[in-house]
Amino acid sequence: MSKDYPNFSLAGQIALVTGASRGLGRGCALALAHAGADIALGLRDVNTAADLAAEIEALGRRVLRLQMDMTRLDQIRRAVEQAVAHFGRIDILLNNAGVGPPNPAEQVREEDFDFTLGVNLKGTYFASQAVGRQMIAQKYGRIINMSSQAGLVALPTESVYCMTKAAINHLTKCLAVEWAPHHITVNAVAPTFIKTPGTEKWLDDPDFKASVIARIPLGRVGEPVDVAGAVVFLASPAASLITGATLLIDGGWTAS
Ligand code: NAP
């Protein structure tokens, strides 16, 4: 590969994707495999995603399913150990797992607050720590956090969710600076509304969908592949001087 041209290949690399069973996690796992990486699938329930594993194998890549409930630090640590034991290293971590139940601020209970922070923020933090230790030892790594446009703009009834995504944007900067000496880059992607199992119940409502599209200058909601392209880029050698960035994939929502 000539050094004069950007290299977008992930051939020979190992990627761990959390919350990989469906939606953006699934789409990104397939895209990372398509770009050449072998894939460790972090799953809330390891008995799911057999079809996804088969699709990754059909692309000619190795795949490992891991029990990895992001609210369980013991499972996060064990899953990372298993991935390293199986593949020998982890080059790429996609912190994708996330929840965003509607939570009108005046009704939020402590358990609602703890649940969303537990998966989105604490899970992301400790998965980054567990994989970061391995990346420090191997002197190389790419961490990509799944943020949201909701980390930059407010979405009504989503204050807890929005707060976790804003925190993820800042965590991205903190880890980027702290781990840069170890040749680890840390970036985030921040999508607008993307069609996934998690959003279909809202986007299937024509009035809600129209109100969303009215705020997106490019005039459409996203598909997982719109996010997967940015994830593959940030994981690739072509992005080696990019760290601490949050890349908006919002069709212009936050620019308008
Ligand atoms: P989704 O369709 O609801 O899928 C969520 C994924 O997270 C599933 O694989 C789910 O596993 C997993 N998950 C949930 N709780 C978990 C836990 N405790 N441990 C491990 N995995 C867990 O959601 P999505 O729309 O693809 O969203 C994925 C990420 O993108 C989230 O971080 C979300 O905030 C972010 N995002 C989404 C959008 C959007 O419009 N779709 C926009 C911006 C950001 P199970 O299937 O086992 O439940």
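Author: Start with a definition. Helices are DSSP runs of H or I with at least four residues, strands are E runs of at least two, and both are numbered from the N terminus. With that, Cys-28 is found in helix H1. One caution: this is a predicted model.

Reader: Is Cys-28 buried or exposed?

Author: The cut-off for buried is under 20% relative accessible area. Cys-28 has a relative accessibility of 1%, so it counts as buried.

Reader: What is Cys-28 in contact with, leaving aside its neighbours within four places in sequence?

Author: Leu-94, Met-146, Val-227, Ala-228 and Val-231. Take Cys-28 and Asp-226: 198 residues apart in sequence, and 9.6 Å apart from C-alpha to C-alpha.

Reader: Now the nonpolar residues. How many residues has the largest nonpolar core?

Author: First the general idea. Nonpolar side chains tend to be buried together in soluble globular proteins. Here the largest nonpolar core has 36 residues. Leu-32, Ile-39, Leu-41, Ile-56, Val-189 and Val-227 have the most contacts inside it.

Reader: Which elements give two or more residues to this core?

Author: Strand S1 (14–17), H1, strand S2 (38–43), helix H2 (50–58), strand S4 (92–95), strand S5 (141–146) and helix H8 (224–235). There is also a second, separate core. It has 28 residues, including Ile-14, Met-68, Ile-76 and Met-135.

Reader: Back to Leu-41. Which residues does Leu-41 touch, not counting those up to four places away in sequence?

Author: Val-17, Ala-20, Ala-29, Leu-52, Ala-53, Ile-56, Val-63, Leu-64, Arg-65 and Leu-66.

Reader: On to the ligand. Which residues come nearest?

Author: The shell around the ligand has 28 residues. Nearest are Ser-21, Arg-22, Tyr-161, Ile-194 and Thr-196. By class, the shell holds 12 nonpolar, 12 polar and 4 charged residues.

Reader: Which N or O atoms lie 3.0 Å, 2.8 Å and 2.7 Å from ligand atoms?

Author: For a polar contact, look for N or O atom pairs within 3.5 Å. Arg-44 uses its side chain: one of its N or O atoms is 3.0 Å from a ligand oxygen. Met-70 uses its backbone, with an N or O atom 2.8 Å from a ligand nitrogen. Ile-194 also has a polar backbone atom in place, 2.7 Å from a ligand oxygen.

Reader: How much of the ligand's accessible area does the protein cover?

Author: On its own, the ligand has 900 Å² of accessible area, and the protein covers 91% of that. The elements giving two or more residues to the shell are helix H1 (23–34) and helix H5 (159–179).

Reader: Where is the place of Ile-194?

Author: In the loop between strand S6 (184–191) and helix H6 (200–203). Ile-194 is buried, because its relative accessible area is 4%. Apart from neighbours within four places in sequence, Ile-194 is in contact with Leu-24, Thr-199, Leu-203, Gly-222, Glu-223, Pro-224 and Val-227. Its C-alpha atom is 9.4 Å from that of Arg-220, 26 residues apart along the chain.

Reader: Next, backbone angles. Which residue has a positive phi of about 70° although it is not a glycine?

Author: The general idea comes first. Most residues other than glycine have a negative phi. Thr-157 has a positive one, about 70°. Thr-157 is placed in the loop between S5 and H5. At 40% relative accessibility, it counts as partly exposed. Ala-49 also has a positive phi, near 70°. Ala-49 lies in the loop between S2 and H2. Its relative accessibility is 9%, so Ala-49 counts as buried.

Definitions and conventions: Residues are numbered from 1 along each chain as its sequence is written. This is a predicted model: local features need pLDDT of at least 70, side-chain atom pairs count only at pLDDT 80 or more; totals for chains, interfaces and linings use all residues. Side-chain values use heavy atoms; hydrogens and water are left out. A residue is near a molecule or strand if one of its heavy atoms lies within 4 Å of it. A polar contact is a pair of N or O atoms within 3.5 Å; within protein, one must be able to donate a hydrogen and the other to accept it, and residues adjacent in sequence count only if both atoms are side-chain atoms. Accessible areas come from the Shrake-Rupley method with a 1.4 Å probe; for residues, only the protein chains shown count as cover. Ala, Val, Leu, Ile, Met, Phe, Trp, Tyr, Cys and Pro count as nonpolar, Asp, Glu, Lys and Arg as charged, and the others, Gly among them, as polar. A nonpolar core is a set of buried Ala, Val, Leu, Ile, Met, Phe, Trp, Tyr and Cys residues joined through side-chain atoms within 4.5 Å. Buried means under 20% relative accessible area, exposed over 50%, partly exposed in between (1.4 Å probe, protein chains only). Contact means heavy atoms within 4.5 Å.
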